[in-house]
Amino acid sequence: MEKVGALPAPDFHKRVADVLREVLDSSTQEPQKKSRRIGLPRRRTQYRRAIITFIDILGFKNVIQDHNCAEVHHLLDQFRKELAPDEFDSEYLSLRFVRFSDCLVRAIFVPVDEPNGPDGLVFWELYGLLLAQMNLIWRGVVVRGAITVGDLYCEPGAIFGPGLVRAYELEGQALYPRILVDPNLLKELRTAPFRARDHGIREELRYIMNLISVDGEVPYLDYFKGITSNKDDDQQLFDFVERHRDLVQKGLKENKGKSAIIRKYRWMEQRHREFVRALPDKFVHVCGHKKRDLYV
């Protein structure tokens, strides 16, 4: 099996450990207040601070070539349903959801911190994206993307801003089927509503680190961590592993000769093998499985 190496980190990525240390070291510092320049006119059209996610479907060009219109529409419908905001988000948060072709932008505008307003925005957005990614894998849909924080303008017929540019550039760095987490987003945990008001930074980070892993120096949402911590029972975990195994096997078989896509499925295969290898043999046998049957 071809071994997939860790992706070299882009220049703007710092080591996650350094980022977390910086967050913790600066937790006692008050954030600097922005001052408004005298004389600048107030405009209704202006950027707003937002948590921004940019996601696309793996190998969509080949999907278009190999499937008819109805099949492509069904795939995109699954994609939209899993990543669309739920009723709670829609009611309590200023959220925008834009889809074009196989790409999707999801943005949560950061509200002014109020004692009774929403909080823990970073954790809950990461958690929601992780669940959506697991459900898409269960449906046979493989995605990649990135989540960041930045300035954004989004109204009907227009979406732009430096935050969207950064999300798009980070998504291009993902390469493999994963959702990258911008270290700049973790730095925002210094203040509410990015973190829960009743949590310290260390406590909030402990919850978040249960959702992400690091490949080289690149943090990303880890759906194997997600299924381990969010399963209803052990059988659900094994069902997911088997579904993931079948998806990778199918991808490798159907994309022979397409080296760019094969490389992505090889990365999934490597993560799969690492997870299965770490499962205790006794635990696997008690659940009526044989470890060798779970490998790709």
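Q: How many salt bridges does a search of the whole structure find?
A: Side chains of opposite charge can pair when their charged atoms come close. In this predicted model, a search of the whole structure finds 16 salt bridges.

Q: Which residue forms a salt bridge with D56?
A: R144 forms a salt bridge with D56, and their closest N and O atoms are 3.7 Å apart. D56 belongs to strand β1 (residues 48–57) and R144 to strand β4 (residues 143–155), so the pair ties together parts that are 88 residues apart in sequence.

Q: Are D56 and R144 buried or exposed?
A: Both residues are buried. The pair also belongs to a network of salt bridges that links D56, R144 and E171.

Q: Where do D77 and R80 lie?
A: Both are in helix α3 (residues 69–83), three residues apart, which is about one turn of the helix. R80 counts as partly exposed because its relative accessibility is 32%, and the cut-off for buried is under 20%.

Q: What do the side chains of R245 and D246 meet in?
A: They meet in a salt bridge, with 3.0 Å from N to O. R245 has 15% relative accessibility, so R245 counts as buried. D246 is at 35%, so D246 counts as partly exposed.

Q: How many residues does helix α10 have, and what span does it reach?
A: Helix α10 (residues 234–254) has 21 residues. From its first C-alpha to its last it reaches 30 Å, close to the 30 Å expected at 1.5 Å a residue.

Q: Which residues of α10 are buried?
A: The buried residues are L237, F238, F240, V241, H244, R245, L247, V248, G251 and L252.

Q: What covers the buried residues of α10?
A: The cover includes the elements α5 (121–138), α9 (223–230), α11 (259–278), α12 (281–286) and α13 (291–294).

Q: What does a side-chain oxygen of D233 reach at the start of α10?
A: The oxygen comes to within 3.2 Å of the backbone nitrogen of Q235.

Q: Which residues is D234 in contact with, leaving aside its neighbours within four places in sequence?
A: D234, which lies in helix α10, is in contact with F283 and C287. D234 and F283 are 49 residues apart in sequence, while their C-alpha atoms are 9.2 Å apart in space. D234 is partly exposed, with a relative accessible area of 29%.

Q: How many of the residues of β1 are buried?
A: Eight of the 10 residues of β1 are buried, so the strand is largely enclosed by the rest of the structure.

Q: How many bridges join β1 to β4?
A: There are 10 bridges between β1 and β4, and the two strands run antiparallel. Within this pairing, I52 stands opposite T148 in β4.

Q: How many bridges join β1 to strand β3?
A: Seven bridges join β1 to strand β3 (residues 103–109), and these two strands also run antiparallel. Here F54 stands opposite V105 in β3.

Q: In a regular strand, what do the side chains do?
A: They alternate between the two faces of the sheet.

Notes: Residues numbered from 1 in each chain as written. Predicted model: local features only at pLDDT ≥ 70, side-chain atom pairs only at ≥ 80, totals over all residues. Heavy atoms only, no water. Salt bridge = Lys/Arg side-chain N within 4 Å of Asp/Glu carboxyl O. Helix = DSSP H or I, 4+ residues; strand = E, 2+ residues; numbered from the N terminus. Buried < 20%, exposed > 50% of the residue type's maximum accessible area, 1.4 Å probe, protein only. Expected span 1.5 Å × (residues − 1). Contact = heavy atoms within 4.5 Å. Polar contact = N/O pair within 3.5 Å; in protein donor to acceptor, adjacent residues only side chain to side chain. Pairing = 2+ DSSP bridges.
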